[in-house]
Amino acid sequence: MTTLDLTKLPEYLKHQRWFSGKAWPIKHVSVVDHAAMELGACSFTLAVVEVVYELGSPERYLLPVKPTAEGVRDALEDDECLRALFKVMRDGGGISSASGRLVGEWIGGPETLMALPAPLTVRRLMVEQSNTSVVLGEKVILKIIRKLEAGVSPEHEVGRFLATKTSFRATPTLLGALHLEGAAGATVAVAHRFVPDATDGWKYTLDRLRQERALGERFLGEMRELGLRLGELHNAFASASADDPAFAPEPLLQEDLQRWSASIVGELGVTLADAARLNPDLEGRRESLIEYAKRLAHVAPSGQKIRIHGDLHLGQVLRANGQWLIFDFEGEPARSFTARREKYSALRDVAGMIRSFDYAEATVALEGGEPRGRVGPSREAFLEGYRKATRGAKYLPADDTTFEVMLRAFELEKLLYEVRYELQNRPDWVRIPVQALLRMEDSK
């Protein structure tokens, strides 16, 4: 192993854009596993380090590093090292580590590899904060996962399921992965088909709303199509057979509804206590809003629990070649892998996307534009497309009343999350979910 000067790692980490612990005092850093990567013209150490803070829970990070006089530098700054790491994945190779093995997995077939140029071009993307992403040969996007969690990444698990066990293709196809087996077992990299000239759904929708004073049939048609794509994704998840327990649908029980309802009621109490200091009107709406959550516990159980996207909004879809693609199945970063894998009502994804429409409209208003009542038509068009794709689906409520009660409860759950997020990160934006809460109560 390349000798790592552990005393210099805290300072090194704090200068990396993907390191999330910059604001917290580091107590110490230790190496929990490492592999010597002697790959052709590239030699570096792939280390997994555990960062222990003075306060808070420890975190693990992936460090591909080379030694320097000052300590270490990122080996992925070297194109040859990136090519070498990708070669382990595409060849399905394996490299021993101190406590396990780094293993490559390729499911993309030979046709993808044959389309790659030689030498393999490397183009770095600078948009992620928690990962390092590069485009290889303009055909593959390789994501190196910097902040690690033990176990198989949901992004890999879901991508592999969709690519190998379903016909759903409205997503950048998973091509391969790198896994570290052993005591520090984790998914350390994934590769997907690169979609050129794609625009993320958030930017695309904002641009359309800035341009259009009133929503035309073209835009509403795009919202219907987005609903169709989500419905098709949920159909794919629900198609899993009983011999695939990670994805097989499960009955939705009364205790599930009661548990979800109680969770929303608890979140509502804490969140409104904080938000009411900025908007006293909310305090008087507490009991009325609680009723939305309580109704969820009292509807008759209908439908199934399935795997869902779990963090769906306009920023998690792409617009490319006149079509919608759904991507980033990593789930909510603040939740554990176990929590992200939990099967849930598909309407939770639906609620997340609907809330994103409201945010897009409000964002345009904050820029100086006037709200023009476009959220309602967008919502209805999206739901129309979703209901068309999922007509008769066993995983959805059997009647429209239950469908609406559950959807409204999950919209409330998402609103409470938004209030907490904005209070912590963007207090000037908290008005967006607060106003939506007030409108929700008024619309009863």
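An open sheet of seven strands runs in the order S5-S6-S11-S12-S9-S8-S7, with antiparallel pairing. This is a predicted model, where local features need pLDDT of at least 70, side-chain atom pairs count only at pLDDT 80 or more, and totals for chains, interfaces and linings use all residues. Residues are numbered from 1 along each chain as its sequence is written, and side-chain values use heavy atoms, with hydrogens and water left out.

Q: Which residue in S12 is the bridge partner of Ala177?
A: S11 and S12 run antiparallel and are joined by six bridges. In S12, Ala177 is partnered by Val190.

Q: What angle does helix H2 make with S6?
A: Helix H2 (residues 79-90) packs on the sheet. Contact means heavy atoms within 4.5 Å. H2 touches S5, S6, S7, strand S8 (131-136), S9, S11 and S12. Its direction and that of S6 make about 80 degrees.

Q: At what angle to S11 does H4 run?
A: H4 lies across S6, S9, S11 and S12. Relative to S11, H4 runs at about 135 degrees.

Q: What span should helix H4 have, and how far apart are its end C-alpha atoms?
A: The expected span is 1.5 Å times one less than the number of residues. H4 (residues 154-165) has twelve residues, so it should span 16 Å. The end C-alpha atoms agree with this, at 16 Å.

Q: Which residue's side-chain oxygen reaches the backbone nitrogen of Glu155?
A: Glu155 is one of the buried residues of H4. The oxygen comes to within 3.1 Å of that nitrogen, at the start of H4. It belongs to Ser153.

Q: Why is strand S3 largely enclosed by the rest of the structure?
A: Buried means under 20% relative accessible area, exposed over 50%, and partly exposed in between (1.4 Å probe, protein chains only). S3 covers residues 59-68. It is largely enclosed because the buried residues number seven of the ten.

Q: Which residue in the turn between S2 and S3 has a positive phi?
A: Strand S2 (residues 42-53) and S3 run antiparallel, joined by seven bridges. They form a hairpin with five residues between them. The phi in question is about 95 degrees, and the residue is Gly56.

Q: Which side chain makes a polar contact with that of Glu411?
A: Glu411 sits in helix H12 (residues 400-425). Its relative accessible area is 7%, so Glu411 is buried. A polar contact is a pair of N or O atoms within 3.5 Å; within protein, one must be able to donate a hydrogen and the other to accept it, and residues adjacent in sequence count only if both atoms are side-chain atoms. At 2.8 Å, the partner of Glu411 is Arg379.

How values were computed
Helix = DSSP H or I, 4+ residues; strand = E, 2+ residues; numbered from the N terminus. Pairing = 2+ DSSP bridges. Axes fitted to C-alpha atoms, helices over the stretch in contact; angles between N-to-C directions.
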